[in-house]
Amino acid sequence: MPEVLKAPLVVEFPFTRSLGPVQSAFLTGLRERVVLGVRTTDGRTLVPPVEYDPVTADELRDLVEVAPTGTVTTWAWNHAPRRGQPLGTPFAWVLVRFDGADTALLHALDAPGPDSVRTGMRVRVRWAGERSGAITDIACFEPYDGGPGTPAGPTGHDGSFTDPVTGIVAPARLDYVYSPGRAQSAHLQALSERRTVGERCPSCRKVYVPPRGACPTCGVATTEQVEVGPRGTVTTYCIVNIKARNLDIEVPYVYAHIALDGADLALHGRIGGIPYDQVRMGLRVEPVWTEDGRHPDHYRPAGEPDAEYETYKELL
Amino acid sequence: MSKEPVAVVGVGQTKHVAARRDVSIAGLVREAALRALTDAELTWADIDAVVIGKAPDFFEGVMMPELYLADALGAVGKPMLRVHTAGSVGGSTALVATQLVAGRVHGTVLTLAFEKQSESNAMWGLSLPIPFQQPLLAGAGGFFAPHVRAYMRRTGAPDTVGSLVAYKDRRNALKNPYAHLHEHDITLEKVQASPMLWDPIRYSETCPSSDGACAMVLTDRAGAARSPRPPAWVHGGAMRSEPTLFAGKDCVSPRAGKDCAADVYRQAGIADPRRDIDAVEMYVPFSWYEPMWLENLGFADEGEGWKLTESGVTELDGDLPVNMSGGVLSTNPIGASGMIRFAEAALQVRGLAGEHQVEGARRALGHAYGGGSQFFAMWLVGAEPPSS
């Protein structure tokens, strides 16, 4: 059995977030070294603040300032910090209830070791040198042996700052190892020899290219390999006039459904070697390979008469 | 055991726009939910459960956004469920909520769907590069354009039909205060002169990218009796799916869509949809999908859908108005788009659709599809309670 392929797959994108009035005030406050919470209908102070009361569902807009000092309510030691975490040296994850707040915020505590951390210990904010209006404006917490900082209790704050932060960029990243599985690995192996191989369903006898290892309509495994093509028929297509990012193809170009001879559904590819406005349904084509390509680079006219519509109308 | 009749007693939408930078996702859903509650004259305390729908998480990059929306939707301490079926999700979300009432699991359910497309890039979310696979070379519209060409070839439709749909829907949107696109200077000539993006699909024949949310309050017979405004009654609802690609798939008229419509009509006692249905809110993100779905949904014989469109039957004052609200072509917060179809159908039979109301609409169809014509969800709502 041929080797099943694997490759790393990183999915990464810089999403943006509109903060809304409460998170905007909270993050802008951090930039200005001010910790803001929000007062609920029943008089509790939530830090970090939320837009809607978890108990009554009321809209919450009554902002208050609390002290940059607080108490650890629980913690866990992180022996081996990873990329992107608040500190590069081992630290404690802590929930800190700020003085004046009724709820706790999750962050990092810079401490010499797990023996120096305990529930109930007093801590204060260590502000980041460069602050931009993000949770990372709190570099971390550090041990502190004093009473409440200023202000001592929660005091009203209108939440307004000059040049407020209204949105943030929130990059998301996921790392996978991707495997296309047995059927597609065999297909790719054949493509490396410039052959196109599909699999036939033992029940409906349809030939799938690329193969999926199973027939999606019959629900049975497919194993019988069938070589198809190399020639095929353009069944339908569109002319693309939008230049795609990261795609080194000049517009306009033709994106087509191509039914390879012997296959029972069309695969998708680009048509070249002919002016884009002369491509037509029924055009007979053949693959064009490049030196290092895993797939045909595109398909070009095979020089045969067009196929009759009746012969491919089920394969659009 | 018989099912509990289900009524729509509240509908709420945000004003759909390209970017709502003034609100968080929580603030966006909150607006629609509050409007639905206001319409129903109910409070959070009257809601027994919340069913929320969203298109792929990659569209905003918040994995499972429902996790942090419970407080914004008054769901703390209540059951909350998230539904995901790509573009059709707004429809299937409403149907899941409907089943909770029909099955007497809950008396009154808030259902909501949303999308904040401005926070990300749906095109990126739809075209992640997968190792070993040849990248899809076409983009979102390019995926559907070959099917439009196939439809034109199969039916002999003249290439002007798509522009008629776009012109109609964009004009209808002018009568809908919640619609995203309000093109006051729209003309048929402008549509036809707009650039060809994915030939045969023009720029003006494609949907916009919107931020928006839609919510509905669904309730049982007792809840409907207390409703201050006329309810819309659910007469039938169904979902169907099929693979995006398989040997024998009819991309022009997918079998899942036909089966889904047939199931809804059977439940609702619709013998002839063309005659028995007064108005249709249909999921048409690219204009040519109107004639295509007219056939798929049984309003026209195969090959005849474009003739209905061309003859003006689907105009707001036509015999079978389609997308009175302006449709997906005028407003497309993807995850909410299906629910907007369902909600607009409900507004029509409640007589509350305002300037885009179809006079005397008694039965209306809401339709949604998603994926590569893979998921279908529909409901039929009526002004009268179901008889059985």
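1. A residue is called buried here when its relative accessible area is under 20%, and exposed when that value is over 50%. By that rule B:R350 is buried, and B:D39 is buried as well. Please keep in mind throughout that this is a predicted model.

2. These two residues also form a salt bridge, in which the closest N and O atoms are 2.8 Å apart. The pair links distant parts of the chain, since B:R350 belongs to helix α13 (residues 334–350) of chain B and B:D39 to helix α1 (residues 25–40) of chain B, 311 residues apart.

3. A further salt bridge in chain B joins B:K54 to B:E115, with 2.9 Å between the closest N and O atoms. B:K54 lies in strand β2 (residues 49–54) of chain B and B:E115 in strand β4 (residues 108–116) of chain B, so this pair ties together parts that are 61 residues apart in sequence. B:K54 counts as buried because its relative accessibility is 1%, and B:E115 counts as buried because its relative accessibility is 0%.

4. Because B:K168 is in helix α5 (residues 161–173) of chain B while B:E290 is in helix α10 of chain B, the pair ties together parts that are 122 residues apart in sequence. Both B:K168 and B:E290 are buried. In chain A, salt bridges that share partners join A:R231, A:D261, A:R284, A:E286, A:R300 and A:E304 into one network.

5. How many salt bridges does the rule find over all chains? The count comes to 53, and 1 salt bridge is found across the interface of chain A and chain B. In that bridge the side chains of B:E119 and A:R17 meet at 3.0 Å, N to O.

6. Turning to the interface as a whole, 58 residues of chain A are in contact with 53 residues of chain B. The area buried between chain A and chain B is about 4,600 Å², and carbon and sulfur atoms give 63% of that area. On the side of chain A, the residues that lose the most area to chain B are A:F15, A:S18 and A:Y52, which together make up 13% of what that side buries.

7. Between chain A and chain B there are 15 residue pairs in polar contact, counting those in which both residues are at pLDDT 80 or more. Among the elements that give two or more residues to the side of chain A that touches chain B are β1 (7–18), α1 (20–31) and β15 (232–240) of chain A. β1(A) gives the most to that side, with 10 residues. By class, the side of chain A that touches chain B has 33 nonpolar, 12 polar and 13 charged residues.

8. Strands also pair between the chains, with β15(A) and strand β5 (residues 196–199) of chain B running in the antiparallel sense over 2 bridges. In this pairing A:V240 stands opposite B:W198 in β5(B).

9. Is B:E302 buried or exposed? B:E302 is exposed, because its relative accessible area is 56%. B:E302 is found in the loop between α10 (289–296) and α11 (305–310) of chain B. Leaving aside its neighbours within four places in sequence, B:E302 is in contact with B:R154, B:K258 and B:E295.

Terms used: Residues are numbered from 1 along each chain as its sequence is written. Chains are lettered from A and ligands numbered from 1 in the order in which they are written. This is a predicted model: local features need pLDDT of at least 70, side-chain atom pairs count only at pLDDT 80 or more; totals for chains, interfaces and linings use all residues. Side-chain values use heavy atoms; hydrogens and water are left out. Contact means heavy atoms within 4.5 Å. Buried area is the accessible area (1.4 Å probe) that two parts lose on being put together, summed over both. A salt bridge is a side-chain nitrogen of Lys or Arg within 4 Å of a carboxyl oxygen of Asp or Glu. A polar contact is a pair of N or O atoms within 3.5 Å; within protein, one must be able to donate a hydrogen and the other to accept it, and residues adjacent in sequence count only if both atoms are side-chain atoms. Helices (H or I, at least four residues) and strands (E, at least two) are DSSP runs, numbered from the N terminus. Ala, Val, Leu, Ile, Met, Phe, Trp, Tyr, Cys and Pro count as nonpolar, Asp, Glu, Lys and Arg as charged, and the others, Gly among them, as polar. Two strands pair if DSSP finds at least two bridges between them. Buried means under 20% relative accessible area, exposed over 50%, partly exposed in between (1.4 Å probe, protein chains only).
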